[in-house]
Amino acid sequence: MWAILSILVENKPGILFKVTHLFRARNFNIDSISVGVTENPDYSKMTITTYGDEKQVDQIVKQLDKMIDTVKVEHLDEHKTVFRELSIFKIKLSNANDSMEVNKLANAYGGKVHDVKKDSLMVELTATPDQIKAFEELAKPFGIIDVARTGVAALQRSGAE
């Protein structure tokens, strides 16, 4: 099961290490992680995605909740949550036609094309991880030179608590 965890923590040095160390100590893998300061500079919000069965995810939530610097931990329901990830793909262009085809592909996924050169271009895509994976599969035949991904950012929908 894929899990989205939202963790409100005190904005202190070392908290990211403590949280990631907890995952490592429990032999859990972090699929993605994003962290940012909230509207209150005393707090940061971490969004972590991971895989595990229900018992494992409940265990990690309980362990995170016990940490002193943790204010609130939520296991978000992906059906009641808005979640997105930013990705940037650098794609190889072998001929002039490739540029038009990659542009069409980017437009189909709501992506933006940047840094068009003779032999490559970049596509910025903000989407769900599944949509990014689908885009990546369709872009592979052109040749993906490099990829940068931010990790998932998520907020629970209003009234979904």
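## About the model

Local features in this predicted model need pLDDT of at least 70, side-chain atom pairs count only at pLDDT 80 or more, and totals for chains, interfaces and linings use all residues. Residues are numbered from 1 along each chain as its sequence is written, and side-chain values use heavy atoms, with hydrogens and water left out.

## Overall fold

Let's start with the whole chain. The C-alpha trace spans about 55 × 35 × 30 Å along its principal axes. The protein has four helices and eight strands, where helices (H or I, at least four residues) and strands (E, at least two) are DSSP runs numbered from the N terminus. Along the sequence they follow the pattern β-α-β-β-α-β-β-α-β-β-α-β.

## Two domains

The domain assignment gives domain 1 (2-76) and domain 2 (82-156); such bounds come from an automatic or database assignment. Taken over C-alpha atoms, the centres of domain 1 and domain 2 are 28 Å apart. Ten residues from domain 1 and nine residues from domain 2 make the contact, meaning heavy atoms within 4.5 Å.

UniProt, in an unreviewed entry, places the feature "domain: ACT" at residues 4-78. UniProt positions follow the numbering used here, feature names are shortened, and annotations may be inferred rather than shown by experiment. Residues 4-78 are 32% helix and 41% strand, and the end C-alpha atoms of this span lie 7 Å apart.

Domain 1 and domain 2 bury about 670 Å² between them, 63% of it on carbon and sulfur atoms. Buried area is the accessible area (1.4 Å probe) that two parts lose on being put together, summed over both. On the side of domain 1 that touches domain 2, β1 (2-10), β2 (30-37), β3 (43-51) and β4 (70-76) each supply at least two residues.

## Salt bridges

How many salt bridges does the structure hold? There are seven salt bridges, each a side-chain nitrogen of Lys or Arg within 4 Å of a carboxyl oxygen of Asp or Glu. Between domain 1 and domain 2 the count is zero.

One of the salt bridges joins K12 and D69, with the closest N and O atoms 3.4 Å apart. K12 lies in the loop between β1 and α1 (15-25) and D69 in the loop between α2 (54-66) and β4, so the pair ties together parts that are 57 residues apart in sequence.
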